[in-house]
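Subject: Structure handover

Hello,

Please find the structure below, followed by notes on what was found in it.

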Amino acid sequence: MKKKIGLIAVMAALLVLVYFCQLAGDMLWDSAARERETAAAGSAKEGTRLVVVDPGHGGIDAGKVGINGVEEKEINLKISLKIKEILNKEKVDVILTRESDERLADTQVSDLKERVSIMNNQKPVLAVSIHQNSYHEESVSGSQVFYYTDSTEGKQAAEILQRCLKELDPENAKNAAANNTYYILKKTEVPVVIVECGFLSNYSEAEKLAEEAYQQSLAEAVSKGILQYIQ
Ligand SMILES: [Zn+2]
């Protein structure tokens, strides 16, 4: 009889144990589900991430004028509009500092101030200013990305973008470069880079920069870099 009572007690204890194991399992399952929800919310947040793209110059400020007569302001805007289109498809919000051929203020200094204030007020994860370069020696060519000397994030973004641009033009030996004199780099409080897409003083590069297909390739390279940096 004692043996029987002992057996029942053991079985009851086992049942209680199984019940608690199930309970613990359910709790673990719940917490795993909660973690998955948090991860989903995180990726939903990615969809609201914002980038400011700044097509340099505009209106009476043409920027550099190419050896072939093309104006920097126009190329900057075309590439920037394409970047916006590509990034929007990737669910990244883009604010352009200008969407047409206009200057943002009466003077060049106030125009730059206006661009910086858009970047600082919108607080994007990254601001990208699009420009074209020029040099007194025609032979110089290739895109180059600049970042503010003291910005670790700017440097990281610039190196990623430079790498993507080099994939487009493997002969380009230029590296991302630090700078502490450009107004936009100095005054912008969010990570910011200036992309000099190419040299309008180099005839063959100026001709390419004027082509829609090359503008599209540049926009894709810059967008790829932006996506890599923000992801
Ligand atoms: Zn420029």
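Helix α7 (residues 212–230) lies across β1, β3 and β6, running at about 155° to β3. Helices (H or I, at least four residues) and strands (E, at least two) are DSSP runs, numbered from the N terminus. Axes are lines fitted to C-alpha atoms, for helices over the stretch in contact, and angles run from 0 to 180 degrees between N-to-C directions. Contact means heavy atoms within 4.5 Å.

This is a predicted model, in which local features need pLDDT of at least 70 and side-chain atom pairs count only at pLDDT 80 or more, while totals for chains, interfaces and linings use all residues. Residues are numbered from 1 along each chain as its sequence is written, and side-chain values use heavy atoms, with hydrogens and water left out.

Fold

The chain has seven helices and six strands, in the sequence pattern α-β-α-β-α-β-β-α-β-α-β-α-α. The six strands form an open sheet with mixed pairing, in the order β2-β1-β3-β6-β4-β5; two strands pair if DSSP finds at least two bridges between them. At the edges stand β2 (93–96) and β5, each with a single partner strand, so one side of each has no neighbour in the sheet. From one strand to the next the twist averages 30°. β1 and β2 run parallel and are joined by four bridges; Val-53 stands opposite Leu-96 in β2.

Helix α4 (residues 152–168) lies across β3, β4 and β6 (192–199), at about 175° to β4. Of the 231 residues in the chain, 42% are buried (under 20% relative accessible area; exposed is over 50%, partly exposed in between; 1.4 Å probe, protein chains only). Among contacts between residues at least 6 apart in sequence, 78% join residues at least 24 apart.

Zinc site

The zinc ion has as protein donors His-57 (NE2), Glu-72 (OE) and His-131 (ND1), at 2.1 to 2.2 Å. Donors are N, O and S atoms within 2.8 Å of the metal (3.2 Å for Na, K and Ca); water is not among the atoms, so sites may look incomplete. Along the chain the donors follow the spacing H-x14-E-x58-H. His-57, in the loop between β1 (50–55) and α2 (72–89), and His-131, in strand β3 (residues 126–133), are 74 residues apart and link distant parts of the chain. Both His-57 and His-131 are buried.

Aromatic pair

A search of the whole structure finds one aromatic pair. The ring centres of Phe-146 and Tyr-182 are 5.7 Å apart and the planes are at 75°, so the pair is edge-to-face. Rings of Phe, Tyr and Trp (its six-membered ring) pair if their centres lie within 6.5 Å; planes under 30 degrees apart count as stacked, over 60 as edge-to-face and the rest as tilted. Phe-146 counts as buried at 10% relative accessibility, and Tyr-182 as partly exposed at 31%.

Asn-172

Asn-172 is in the loop between α4 and β5 and counts as buried, at 5% relative accessibility. Apart from neighbours within four places in sequence, Asn-172 is in contact with Gly-142, Ser-143, Gln-162 and Lys-166. The Asn-172 side chain reaches the backbone oxygen of Ser-143 at 2.8 Å, and a polar atom of that side chain lies 2.9 Å from the backbone nitrogen of Lys-174.

Regards

Conventions:
Polar contact = N/O pair within 3.5 Å; in protein donor to acceptor, adjacent residues only side chain to side chain.
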